[in-house]
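Morning, everyone. Please look at the screen while I talk.

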Number of protein chains: 2
Amino acid sequence: MRKIINKPENFVDETMEGIICAYGDRVKLLNGDKRVLVTNYPVQKGKVGIVTAGGSGHLPVFLGYVGQGMLDGCAVGNVFASPSAQKMADMIKVCDYGSGVLCLYGNYGGDKMNFEMACELADFDDVETRTVLVCDDVCSSPKETAERRRGVAGMVYAFKIAGAAAEKMMTLDEVAAVAQKALDNTRTMGVALSPCIVPEVGKPTFSIKDDEIELGMGIHGEPGIEVRKMMTADEIAETVLAKITEDMPLNEGDEVSVMVNGLGATPLEEQLIVYRKLHELLKNQGISVYMPHIGEFATSMEMAGLSVTVIRLDEQLKELLRSPASTPFYTNANK
Amino acid sequence: MRKIINKPENFVDETMEGIICAYGDRVKLLNGDKRVLVTNYPVQKGKVGIVTAGGSGHLPVFLGYVGQGMLDGCAVGNVFASPSAQKMADMIKVCDYGSGVLCLYGNYGGDKMNFEMACELADFDDVETRTVLVCDDVCSSPKETAERRRGVAGMVYAFKIAGAAAEKMMTLDEVAAVAQKALDNTRTMGVALSPCIVPEVGKPTFSIKDDEIELGMGIHGEPGIEVRKMMTADEIAETVLAKITEDMPLNEGDEVSVMVNGLGATPLEEQLIVYRKLHELLKNQGISVYMPHIGEFATSMEMAGLSVTVIRLDEQLKELLRSPASTPFYTNANK
């Protein structure tokens with residue numbers, strides 16, 4: 001197993017210790033719990049809290065986005081496993097600054113079940129919550145059952161936009177509504193070239209031949225929609241954008257942001273080569289790109305491959321996207 | 001070859017096209033040349049220009065640091081190959097804003113030869129230049145011949161510090177002196193777990209067994225100092241820090257910045273686990289860490305492994321490090 005780790009069972013705790021050592025000025029553990037991270041920035045009373053949760057192994061998602069202008073709290077479980085409802089509830093309570101908490105997370109069975117329970121627990125303590133699920137992965141279910149889709153890299157846009165809305169002191173319902181609007185206009189599709197290894201399991205999550213690519217692969221190695229012979233960067237860009245725009249048609253004059261997200265082992269050069277083609281294809285359709293995001297935002301440890309996210313923007317979403325944010329792995333210095 | 005590319009011979013041009021599509025607000029090609037990138041920010045007349053050059057395949061080094069507060073220009077060659085002296089000279093001339101240009105680059109034969117020629121060409125046009133070489137890789141030559149050492153991830157600190165000094169309108173000699181001071185206090189060591197593939201070559205740069213790690217490996221696959229059975233993250237942190245501090249002793253009360261730099265395929269989680277141990281080892285020696293940098297800063301495409309850089313700071317270097325910068329892959333929002 002080619003991993004730079006100590007004991008596999010300490011992988012998550014030690015990652016969290018590293019985050020605290022490095023970014024203790026911006027984030028802190030909740031009551032010393034190495035599975036719950038909350039912001040260390042001063043928070044204005046009455047601001048809506050934004051929290052998420054999910055399995056480990058996807059950095060910078062989710063822990064890397066706790067700070068100012070994005071998430072107030074994040075609970076994590078073991079690699080690819082949900083944290084407990086109790087930890088989520090503890091986090092929700094501490095992230096209530098008087099105006100309630102938005103739970104914004106990926107649509108996975110365990111996370112959903114535990115968050116629902118956590119919201120009930122929070123309700124006993126009179127903490128108001130709203131839930132917005134991220135279901136951006138177009139390949140994980142057909143359009144007719146889009147509510148079953150998994151949440152992947154598009155959640156980063158949702159964190160950014162909801163976080164900015166909360167900073168502007170919008171109400172809980174307003175923040176939930178703008179997060180939902182962002183997600184209604186967000187689609188993602190991923191392609192994988194190699195699997196990753198869960199440290200405590202010690203073997204690859206799936207197998208794929210050296211000259212093959214899997215389209216629509218999930219970030220935990222969930223099967224995609226098709227395995228093909230390796231494609232060129234341009235073919236990948238065309239295929240992915242076609243699938244996304246089939247699901248969410250774009251029109252001339254639309255403005256979008258595009259995220260090319262490396263899944264772990266895919267170099268920035270390759271991500272840029274794919275972005276180049278996406279940009280050209282969109283431009284040829286009269287669609288302009290605002291604040292593209294290229295890099296590793298939501299990974300699957302050392303998986304090779306990438307995902308493409310398109311979010312259709314209006315003036316409100318643009319303003320929230322460009323608002324300042326300061327977290328360990330997302331800094332936006334715009335004014 | 002598991003790469004998301006088109007024709008291998010177009011790898012660098014298409015990467016550059018991607019950069020321009022994505023970040024054309026901040027950077028531009030020099031006269032349409034897809035091997036020379038210059039800042040697109042307004043530059044104050046009389047500011048010292050900062051330029052670098054080197055082979056492609058190391059993003060975000062070097063192209064990703066052109067913008068405001070770091071580099072004004074960067075020329076690149078093919079993957080792992082130097083650009084021509086003429087391209088460097090063209091860049092130097094356009095990055096002279098009236099007070100001369102600092103050439104700040106890694107100590108590699110081709111880059112050095114071409115930059116020396118480029119500086120002569122610039123001199124014909126009355127552009128004053130200074131050169132500061134990055135030689136931070138402790139494993140590439142013994143201390144007695146430290147001037148032969150290769151330049152690796154430590155150059156990012158040098159870019160940041162020299163760039164900030166130039167923004168403060170320091171003179172060419174002053175900027176060169178502070179860059180040199182930064183580098184005199186900078187040491188890096190890398191470890192590799194897997195090779196990368198140069199697109200036009202199509203096969204791995206070296207071979208290493210699945211259960212082995214190479215200490216001191218260069219970012220082009222230059223041989224290291226030792227191949228060992230795979231080590232734990234803590235052992236790697238201890239070994240690397242011992243080698244660095246043997247070369248540059250640190251004292252109680254010293255303040256340093258530490259960069260844990262993923263070489264390409266190593267997850268952020270693993271980088272944070274290594275950082276955690278480095279932080280603990282330094283803390284136990286009474287040394288504090290200022291603005292740690294964890295992530296991919298200077299890569300070798302899809303190589304697995306990481307490097308550790310330690311830079312010893314004084315008040316001047318701290319101030320320059322925390323100064324604002326805005327480039328495609330380095331944003332510092334501090335005031």
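This is a predicted model: local features need pLDDT of at least 70, side-chain atom pairs count only at pLDDT 80 or more; totals for chains, interfaces and linings use all residues.

Residues are numbered from 1 along each chain as its sequence is written, chains are lettered from A and ligands numbered from 1 in the order in which they are written, and side-chain values use heavy atoms, leaving out hydrogens and water.

Confidence comes first. pLDDT is the predictor's confidence in each residue, from 0 to 100. Chain A has a mean pLDDT of 96, and 99% of its residues reach 70 or more. The model's ipTM is 0.97 and its pTM is 0.97.

Now find helix α3 of chain B, residues 109-124. Helices here are DSSP runs (H or I, at least four residues), strands are too (E, at least two), and both are numbered from the N terminus. Expected span is 1.5 Å times one less than the number of residues.

Which residues of α3(B) are buried? They are D111(B), N114(B), F115(B), A118(B), C119(B) and A122(B). Buried means under 20% relative accessible area, exposed over 50%, and partly exposed in between, with a 1.4 Å probe and protein chains only. Down the axis of α3(B), the buried residues fall within an arc of 145 degrees, so they line one face. That arc uses directions from the helix axis to the C-beta atoms. Why a face? An α-helix has 3.6 residues a turn, so residues three or four places apart point the same way.

The face turned away carries exposed G109(B) and F124(B). Just after α3(B), D126(B) has a positive phi of about 60 degrees.

Next, cysteines. There are zero disulfides over all chains; a disulfide is a pair of cysteine sulfur atoms within 2.5 Å. In chain B, the sulfur of C103(B) is 3.8 Å from its closest cysteine sulfur, in C119(B), so that is too far for a bond. C103(B) is buried, at 0% relative accessible area.

Last, the interface. Contact means heavy atoms within 4.5 Å. It takes 52 residues from chain A and 52 residues from chain B. About 4600 Å² is buried between them, with carbon and sulfur atoms giving 63%. Buried area is the accessible area (1.4 Å probe) that two parts lose on being put together, summed over both.
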